Amino acid sequence: MDAAVDTAGNIYISDSINQRIRKVDISTGIISTYAGNGTIGNSGDGGLAKDAKISLPQGLSVDLQGNVYFCSTGYIRKVATNGIITTVAGNGRAIFVPPLDHGKQATDVGMTPVWVAVDSTGNLYIVDGGDSDVFKVDTNGVINLFAGTLPPSFGGDGGPATKAQLLAPTAAGVDNLGDVFIGDSGNNRIREVYSGLTQPPAGSPGFTAAGVVNAASFATGGVVPGAIATIFGTNLTSQTGINLTSGLPLPTKFLNVSVKVNGTPAALFAVDNVNGQQQINFQVPWEAKGTAMIEVANGGSTSAPVNVPVLGAQPGIINYTSGGLTFGAILHQNFQLADTAHPAKPGETVLIYCTGLGAVNSPPADGAASNGQTTVAKPVVAIGGNVAPVSFSGLAPEFVGLYQVNVEVPTLAASGNARVSMVIAGGGNSNIVLLPIE
C-alpha cells in the first residue's frame, strides 16, 4: 500500500488487496474508486480506469499535471486526468536485461516494479525489486538503468549511480532539484543520486560513510568523541607523501585542508597521499553527539556532507605489521616496545596504546594535549584468552586522542604470540593484535 498527494491536496491510495486505487477528495472528504474494478489483472488500456483490471497496486506517484502512475504486477500504468488508463512501462515479464534493454521503449521490457516516482519534468523512476535496480523512463518513453548494478549488495557511494550496489530497494522519491532518493531497505539506508544542480563540482573532495574509520582498527560504523579517526577518499589533498602536523594544540587547517564535524573545525594529525591513496587523520571533537555531519575542504572546494553515527565507544588498538603478523603498540613500563626481541613477561605491567575508548573525566580541549584524564568506563582486556587486570585506563599524557591502558600480563599466559583484545561498555570489541610473551 502507498499514498500520494496531488497539487490540490487530493490523496490517492493504492488499495492493494482490493485491486483498486482510491481517491480522497480533499474538498469534501469523500473517498471513491479512482482505478480498478476489483478484479485482479492488467487489462482495460484505453478505457476508463475505473473499469480496468489492475493487479496488486503498490507504489504510486502523481505528476504536476495530476496524472497518476502506479505499479501493477509487472507494469507501470498511468491514469490521465481524463480518467483513461494506459500502460507506460513493462511487458508483463519479470526480468530487465541490462544492457540489452537499455534505450528501448519502456513498454517492451520486463521488470518487477515495486515503486514509481515522477519528477517535475515527467521522467519516471521505477524501483525494480527483482533486480535491485532503479530505472528511468524519459518523457519519450525510453528506459535506461538509473541506479544499481549486480550483484545486489552495498557499495558505490561517491561514484556513478549505475555502478552502485543496492539491496532490495523498496521506494524512491524526487525533490524539487531533481535529486533522487532511494530506500535501500536491504542495506538500511537512504541513498541519494545527485542531480546536476546539486552534485559537487568535479575535483571536489569526495568520500563516503564507509571511508570514515577508526584510525587504529579501520573499523567503520561511526566515530567516537575525542578519538582519532581517518577519512579515506578522493581529492582530499593536492599534496603528495605523508604530511604530519607539528606542535600542540593541533591545527584545524593544514596544507589548505580542513575537516568540520557538525560545523566544528576538527584538529588534524596528518594529510597523506601515498600512491594515490589519500587520507586525513583527525580528532573527532569531544562535543560531537547524535549524528556527525562531516565535511572536507581542500582549497576552495568542499565535499558533500557525509553523515555517520556518533558512538559511545569503539576501541581500536594501535598496531603494526611485522613478518606478516599484526602486533599491538604495547610497551614495557620503560616505554620500550614489547616486540619479539623484547617480549613481555607474565606478571609484568604493560602499556597498551589505543583510541576510541569514549568519554573521559574532564576532557581536554580539542587538539590539546591530555594530562592523563581517566576514562569513564574501564575496558576489559584479554591476553592469550585470560583476563588481564587493568590498573589504569585513560588518555596518554601529552598526546591528543591517544588512550593508554595499563594491564598486568596474566601469569597463566603461555609463551609465544598471545592474542590481545579489549571490550568496553557501549563500544563492542576491539581489533585483535599480538603480544610476544617470553
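**Figure 1. The side chains of Asp184 and Arg191 form a salt bridge, with 2.7 Å between N and O.** The model shown in this and the following views is predicted. Side chains of opposite charge can pair when their charged atoms come close. Asp184 is buried, its relative accessibility being 0%. Arg191 is likewise classed as buried, because its relative accessible area is 7% and the limit for a buried residue is under 20%.

**Figure 2. Arg191 also meets Asp157 in a salt bridge, at 2.9 Å from N to O.** Arg191 belongs to strand 16, whereas Asp157 lies in the loop between strand 13 (142-147) and strand 14 (171-174), so this pair ties together parts that are 34 residues apart in sequence. Asp157 has a relative accessible area of 36% and is therefore partly exposed, while Arg191 is buried at 7%. Taken together, Asp157, Asp184 and Arg191 are linked in a network of salt bridges. In the whole structure, the search finds four salt bridges.

**Figure 3. Asp15 and Arg22 are joined by a salt bridge.** The closest N and O atoms of Asp15 and Arg22 are 2.8 Å apart. Asp15 is buried, with 11% relative accessible area. Arg22, at 24% relative accessibility, is counted as partly exposed, because partly exposed residues fall between the limits of under 20% for buried and over 50% for exposed.

**Figure 4. The largest pocket has a volume of about 1,200 Å³.** Its lining is made up of 44 residues, and those nearest the centre of the pocket are Asp157, Gly158, Tyr194, Phe207 and Thr208. Strand 15 (180-184), strand 16 (189-193) and strand 27 (306-309) are the elements that give two or more residues to this lining. Strand 16 contributes the most, with five residues. By class, the lining of the largest pocket holds 23 nonpolar, 17 polar and four charged residues. Asp157, which is among the residues nearest the centre of this pocket, also takes part in the salt bridge with Arg191.

**Figure 5. The second largest pocket has a volume of about 540 Å³.** A total of 24 residues line this pocket, of which Ile228, Phe269, Asn281, Ile318 and Leu402 lie nearest its centre. At least two lining residues each come from strand 19, strand 23 (267-274) and strand 24 (277-283). Strand 23 gives the most to the lining of the second largest pocket, namely three residues. The lining comprises 16 nonpolar, six polar and two charged residues.

**Figure 6. The largest cavity has a volume of about 50 Å³.** Rolling a probe the size of a water molecule over the atoms shows where empty space is left. The search of the whole structure finds one cavity of 30 Å³ or more. The residues that line the largest cavity are Val213, Asn214, Gly222, Val223, Val224, Ala227, Ile228, Ala229, Val284 and Gln314. Strand 17 (212-214) and strand 18 (228-233) are the elements that supply two or more residues to this lining. Seven of the lining residues are nonpolar and three are polar, with no charged residue. Ile228, one of the residues lining the cavity, is also among the residues nearest the centre of the second largest pocket.

**Figure 7. Ile242, Leu244 and Val274 form a nonpolar patch on the surface.** Together, these three residues have about 300 Å² of accessible area. Leu244 is located in strand 19, which spans residues 241-244. With a relative accessible area of 60%, Leu244 is exposed, because the class of exposed residues begins over 50%. Strand 19 also supplies at least two residues of the lining of the second largest pocket.

**Figure 8. Leu60 is a buried residue of the model, with a relative accessible area of 3%.** Leu60 is placed in strand 5, which covers residues 60-62. Val5 and Leu60 are 55 residues apart along the chain, and their C-alpha atoms are separated by 9.8 Å.

Methods. Residues are numbered from 1 along each chain as its sequence is written. This is a predicted model: local features need pLDDT of at least 70, side-chain atom pairs count only at pLDDT 80 or more; totals for chains, interfaces and linings use all residues. Side-chain values use heavy atoms; hydrogens and water are left out. Patches are made of residues with over 30% relative accessible area and no salt bridge: like charges are joined within 9 Å, nonpolar side chains (Val, Leu, Ile, Met, Phe, Trp, Tyr) within 5 Å. Accessible areas come from the Shrake-Rupley method with a 1.4 Å probe; for residues, only the protein chains shown count as cover. Helices (H or I, at least four residues) and strands (E, at least two) are DSSP runs, numbered from the N terminus. Buried means under 20% relative accessible area, exposed over 50%, partly exposed in between (1.4 Å probe, protein chains only). On a 1 Å grid over the protein atoms alone, a cavity is a set of points where a 1.4 Å probe fits but cannot get out, and a pocket is an open set with protein on both sides within 12 Å along at least five of seven lines; lining residues have an atom within 4 Å of a point. Grid points are joined across faces, edges and corners, and a volume is the space filled by probe spheres set on the points. Ala, Val, Leu, Ile, Met, Phe, Trp, Tyr, Cys and Pro count as nonpolar, Asp, Glu, Lys and Arg as charged, and the others, Gly among them, as polar.
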